[in-house]
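This report looks at a ligand site and at the strands beside it. Please consider the model shown here before reading on.

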Amino acid sequence: MRIRGAGRIAVAGLEAIRSGVGEIYQVSGSSEAFLAGVRETEKVLLETRPTAVALPNALSFLDNNLDREARRGASKDELRSTVEKAALEFIRRIGESPERIANLSLPLIPKGSTAITHCHSSVVVAVMKKAAGNGTLSTIYVTETRPLYQGRITATQLGGSGAFVKFITDSAAGFYMSRADILVVGADAIAMNGDLVNKVGTFPMAALAKQLGKKVLVAAESYKIATKAAMGTDILIEFRSPREIYGQDPANIGNPEILNPAFDVTPGRLIDFVVTELEVVTEPEVGIPRVAKKAGLLSDDDG
Ligand code: RI2
């Protein structure tokens, strides 16, 4: 949890492989052993965060490249340089996407409007900074985001953006939703039907936004698409330590079972726009598979 934000987690995973690849190279007597060593490392990384999908997508991009090279009989040296090139290529994509998403989002946000957001998403911050900087957004409500308070990071990063930043408790989201024009959130994962998995609390905010006739915009890079998940409920939701919620002895409060899901599922029908770096999706059932294909996340077998 020292690294937050799906994009950053993916970069950290790729950097971990880059930094360990020299050692794998040294202890591997053949290209097969090298490949096995890299895959072992990928497996360890994959198990760190079960819900966010950018890391698995980054690792499968790397692995697909390696696989292609291995099939054509690449040497150990060639495989090593494939790891380096593929990792850097994906890190570059991660770096460029927020700016593209911000540019595509601007026309979707009404001039002089008020937005509300939840948690911390580096992509959402990029969108909001751009929109605040040119006067599109005048006010931004930021929820503190229990239990780990990632909203503090969002508020800090939006300071000096040009918009009025208002920091509220999660419970006050309903109170302030009526004053907002648009809910803007990031994504940990998006299922193929457009369902969104994001920080717990996103679903009630989106449901309320719809109830009050507000727009819901999800800012998400294409590699947040969980191609193996047909719908949101197919995505494993990580439960974190009860101590994040109540740090003392639970006996003090009657020993309840303390439940701490880190994410929830927002049905795609509550979402107006999924803004990816490749296109703005308004009809998720067809748009999300199209983006996944454009981004090279689907193999030929997936159609
Ligand atoms: P970026 C965060 O989860 C939030 O749910 C956020 O919307 C999402 O990752 C995407 O973040 P966590 O990593 O990739 O705090 O847009 O568990 O930065």
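## Strands β5 and β6

Ile190 has Leu196 as its bridge partner in β6, and Ala189 stands opposite Val197 in that strand. These pairs belong to β5 (residues 189-190) and β6, which pair in the antiparallel sense over two bridges; strands are DSSP runs of E with at least two residues, helices are runs of H or I with at least four, and both are numbered from the N terminus. Two strands are said to pair if DSSP finds at least two bridges between them. In the hairpin of β5 and β6, five residues lie between the strands, and Gly194 takes a positive phi near 95°.

The model is predicted: local features require pLDDT of at least 70 and side-chain atom pairs count only at pLDDT 80 or more, while totals for chains, interfaces and linings use all residues. Residues are numbered from 1 along each chain as its sequence is written, and side-chain values use heavy atoms, with hydrogens and water left out.

## The open sheet

β6 also pairs with β8 (residues 263-266), in the antiparallel sense and over four bridges, and there Asn198 has Asp264 of β8 as its bridge partner. The three strands form an open sheet in the order β5-β6-β8, with antiparallel pairing. β5 and β8 are the edge strands, each pairing on one side only.

## The shell around the ligand

The ligand is surrounded by 19 residues, of which the closest are Gly5, Ser121, Ser122, Asp188 and Asn198; a residue counts as near if one of its heavy atoms lies within 4 Å of the ligand. α1 (6-27), α5 (122-133) and β6 (196-199) each supply at least two residues of this shell. By residue class, the shell divides into five nonpolar, eight polar and six charged residues, where Ala, Val, Leu, Ile, Met, Phe, Trp, Tyr, Cys and Pro count as nonpolar, Asp, Glu, Lys and Arg as charged, and the others, Gly among them, as polar.

## Polar contacts and cover

Which distances separate polar side-chain atoms of Ser122 and Asp188 from an oxygen atom of the ligand? For Ser122 the distance is 2.5 Å, and for Asp188 it is 2.5 Å, whereas a polar side-chain atom of Ser121 lies 2.7 Å from an oxygen atom of the ligand. The protein covers 100% of the 450 Å² of accessible area that the ligand has on its own, as computed by the Shrake-Rupley method with a 1.4 Å probe.

How values were computed. A polar contact is a pair of N or O atoms within 3.5 Å; within protein, one must be able to donate a hydrogen and the other to accept it, and residues adjacent in sequence count only if both atoms are side-chain atoms.
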